[in-house]
Amino acid sequence: QLKLYYQPITDAEHTNILGYEALMRWHHPVKGLIMPNDFIPIAEETGLIHMLGAYALYEACREAVSWAGEQTISVNLSPMDFHNPELPVLIGAELARHGLAARDLVVEMTEGILLDGDPNTQATLQRVHALGIRLAMDDFGTGYSSLAYLRRLPISELKLDKSFIDDLERDASSRALSKAILTICESLDLRVVAEGIEGEQQCEILRRQGYHAGQGYLFSRPLTPDAFADWLRAHEVGQGGVAPACAAGPDPEDGG
């Protein structure tokens, strides 16, 4: 019943596909589609989150083999996954099983990890980073964000939350914040991905500010593996770039 959908990450010029994020969906036989915000907290409370994380790593790496190229695959893990000191071994084993290199994988985590008091968390983060895997902070700016943490966590990428993007066209404060965050991150040598881009004008503002990577419905909604493979073939470099529109049409399985 669990499936991974995939959403591309592109450069700000709509020309290069930089990677793609694996997003989990639960197709319940009675309740229908259940989104991560509804079932991930329950999985964390019941201790099942480690099984979901292992499944996401396995399935994403398996699918990534068929899309081999310069793109990276991003997989979301819960802060609780980092309580497991064997997580680096699990990740290394999945990469080896599918013939992928550490540089092919980005592990995304939420800001909850910033307040995680488990003694294993920091050590596990460092060991995952030591494998050569990029670590990304997802939904940055919505929870416990503190730029001070970025100096001591082995983070190489921030994903600017959609809430900053939504008001770019109407709110000068949102534009000032997005520009300030980019400037600080560039000084720390962090890549910033703008999430939730839905309009061309939003994308143009981000381009002018200097953003080099974006993700959102403007480029594509989350797609099933087969649909994503078709999308990838249709939007490879040299075939006109990434069309600034949802190639898959309306998506009843709304997600991000």
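The buried residues of helix H7 pack against helix H5 (162–166), helix H6 (172–187) and strand E8 (191–194), where contact means heavy atoms within 4.5 Å, and helices (H or I, at least four residues) and strands (E, at least two) are DSSP runs numbered from the N terminus. Within H7, which spans residues 200–209, the buried set is Gln202, Cys203, Ile205, Leu206, Arg207 and Gln209; buried means under 20% relative accessible area, exposed over 50% and partly exposed in between, with a 1.4 Å probe and protein chains only. Just after H7, Gly210 takes a positive phi of about 110 degrees.

This is a predicted model, in which local features need pLDDT of at least 70 and side-chain atom pairs count only at pLDDT 80 or more, whereas totals for chains, interfaces and linings use all residues. Residues are numbered from 1 along each chain as its sequence is written, and side-chain values use heavy atoms, with hydrogens and water left out.

Helix H1 (36–46) and helix H2 (49–66) each supply at least two residues of the lining of the second largest pocket, and H1 gives the largest share, five residues. A pocket is an open set of points on a 1 Å grid over the protein atoms alone, where a 1.4 Å probe fits, with protein on both sides within 12 Å along at least five of seven lines, and lining residues have an atom within 4 Å of a point. Among the lining residues are Trp26, Asp38, Phe39 and Thr46.

Most residues other than glycine have a negative phi.
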